Number of protein chains: 2
Amino acid sequence: MTDPAAPEPGPGSAATPAPEPAPAPRRGRGRPAARDGGSGPGARDRILQAARAEFAARGYDKTSIRGIAKKAGVDPALVHHYFGTKEQVFETAIEKSFEPALDLPDLMTQDPGGAGELLARHFFTIWENPVTRAPLLAVVRSAVTNETAAALLRGFVLRRLLGRVAGELDVPDARFRVELAVSQLLGIVMLRYVVKIEPMASADIEDIVAAVAPVIQRHLTGP
Amino acid sequence: MTDPAAPEPGPGSAATPAPEPAPAPRRGRGRPAARDGGSGPGARDRILQAARAEFAARGYDKTSIRGIAKKAGVDPALVHHYFGTKEQVFETAIEKSFEPALDLPDLMTQDPGGAGELLARHFFTIWENPVTRAPLLAVVRSAVTNETAAALLRGFVLRRLLGRVAGELDVPDARFRVELAVSQLLGIVMLRYVVKIEPMASADIEDIVAAVAPVIQRHLTGP
């Protein structure tokens, strides 16, 4: 999930902590890390964890670089140094949040007729786990209320997730089909985890998978 | 769009403004309207319009009684007087926003096999019209970020909209089926109007209806 084109943050490793991590700036803002700003080994990960927690709890609008820095126990300058602007912190946090989702099995190679169930099961395995659900909920909440967050999600999801699935389909309107399938899944996310409406909110996940698998299948490979 | 059951704001008409409209309080908070608080005929509707506009533009969290009053050109006390708390203003605004959606044709009486298309078409007629879309988008945005707003939506949607459709189905898991159908539609709302992802955002609505009608049908009446 780390963008292979992005520069690595620094030479230090967790096993042999470097005395000064000297992280390479990710984008723009070449401000040096404060020596006393909490910039030890693991600072980058700590900042990213704090960022995800803050975005999850407050949404994009109410999250600040200062708040992230405070939670991570570092100087705000270090957050800028590693990640750039708030928008860029959010983008990196999003990519981390989507890592489990991108670890998607090949849908069409083994059993094309089972693609709908495979996708539904993969999707809900991630959403049923509170650890992987929380950051995704944060992304949904932020995208719904903030255009910057929506644009980042749009760019990322289009580029990586939908493109990946559509690439497996051998039809001209593959992207549209994938979006129809994702709509069904995302709508359930809204009712089950966000609005928490009954009986959807406490339905057995197997009943949900059984109900949506044929629908996903139809969207992906149907007439 | 005015609720026929709600008390009218006052006896005055636009032609002969009453010196004191003496509006009947809708819920609790029997605070009298300020004499100079903009409480003329139509004040109640003006407040409600202002409330919908404010909730749509800012979401539930950032909207205040004061801001609604300012937009409507009335004293904040009058907003409290007619509608009670911010939560109650929001609830009334939601009900107004959902009126077009509640004007739903009977799905199963004429042609049960066409229920899916009928529901999809009714749904997107409302969402494709910017006038009816804006307040609904506001409700979605508010519910996603605020638990109070989510609870109000949950209560209202459960009680009125889903119950109404489920009541037409002669199956034991009717409510769950309706929620599966609504999930498909709501997911498209998210991708098309909120995240605005392509090609969904600019797809021909007829293509979308054609793609989801059989899915809705399956959810409502399928195996």
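Predicted model: local features only at pLDDT ≥ 70, side-chain atom pairs only at ≥ 80, totals over all residues.
Helix α3 of chain B, spanning residues 76–83, is mostly covered, with 7 of its 8 residues buried. In chain A, the secondary structure consists of 10 helices and 0 strands.

**Helix α3 of chain B: burial and ends**

- The buried positions of α3(B) are Ala77(B), Leu78(B), Val79(B), His80(B), His81(B), Tyr82(B) and Phe83(B).
- These buried residues pack against three helices of chain B, namely α1 (43–62), α2 (65–72) and α4 (86–102).
- At the N-terminal end, α3(B) is capped by Asp75(B), which places a side-chain oxygen 2.8 Å from the backbone nitrogen of Ala77(B).

**Packing of α1 and α3 in chain B**

- The axes of α1(B) and α3(B) come within 10 Å and cross at roughly 95°.
- Because angles of 65 to 115 degrees count as roughly perpendicular, α1(B) is roughly perpendicular to α3(B).
- On the α1(B) side, the residues involved are Ala43(B), Arg44(B), Ile47(B) and Leu48(B), and they meet Leu78(B), Val79(B), Tyr82(B) and Phe83(B) of α3(B).
- Leu78(B), Val79(B), Tyr82(B) and Phe83(B) are also listed among the buried residues of α3(B).

**Overall architecture of chain A**

- Along the sequence, chain A reads α-α-α-α-α-α-α-α-α-α.
- Chain A has 223 residues, of which 51% count as buried.
- Of the contacts in chain A between residues at least 6 apart in sequence, 64% link residues at least 24 apart.

**Annotated region of chain A**

- An unreviewed UniProt entry assigns the feature "DNA-binding region" to residues 64–83 of chain A.
- Over residues 64–83 of chain A, the chain is 80% helix and 0% strand.

- His80(A) is located in helix α3 of chain A, which covers residues 76–83.
- His80(A) has a relative accessibility of 15% and therefore counts as buried, the cut-off being under 20%.
- The C-alpha atoms of His80(A) and Arg66(A) are 9.9 Å apart in space, while the two residues are 14 residues apart in sequence.
- Glu54(A) belongs to helix α1 of chain A, residues 43–62.
- With a relative accessibility of 10%, Glu54(A) likewise counts as buried.
- Leaving aside residues up to four places away in sequence, Glu54(A) touches Gly59(A), Thr63(A), Gly67(A), Ile68(A) and Lys71(A).

**Helices α6 and α9 of chain A**

- Helix α6 (residues 115–128) and helix α9 (residues 174–194) of chain A have axes that come within 11 Å and cross at roughly 30°.
- Since angles under 35 degrees count as roughly parallel, α6(A) and α9(A) are roughly parallel to each other.
- The crossing of α6(A) and α9(A) is right-handed.
- In this contact, α6(A) contributes Leu119(A), Ala120(A), Phe123(A), Phe124(A), Trp127(A) and Glu128(A).
- The residues contributed by α9(A) are Leu185(A), Leu186(A), Ile188(A), Val189(A), Arg192(A) and Tyr193(A).

Key: Residues numbered from 1 in each chain as written. Chains lettered and ligands numbered in written order. Heavy atoms only, no water. UniProt positions renumbered as here; feature names shortened; annotations may be inferred. Helix = DSSP H or I, 4+ residues; strand = E, 2+ residues; numbered from the N terminus. Buried < 20%, exposed > 50% of the residue type's maximum accessible area, 1.4 Å probe, protein only. Contact = heavy atoms within 4.5 Å. Polar contact = N/O pair within 3.5 Å; in protein donor to acceptor, adjacent residues only side chain to side chain. Axes fitted to C-alpha atoms, helices over the stretch in contact; angles between N-to-C directions. Parallel < 35°, antiparallel > 145°, perpendicular 65-115°, else oblique. Left-handed = near helix turned anticlockwise from the far one by under 90°.
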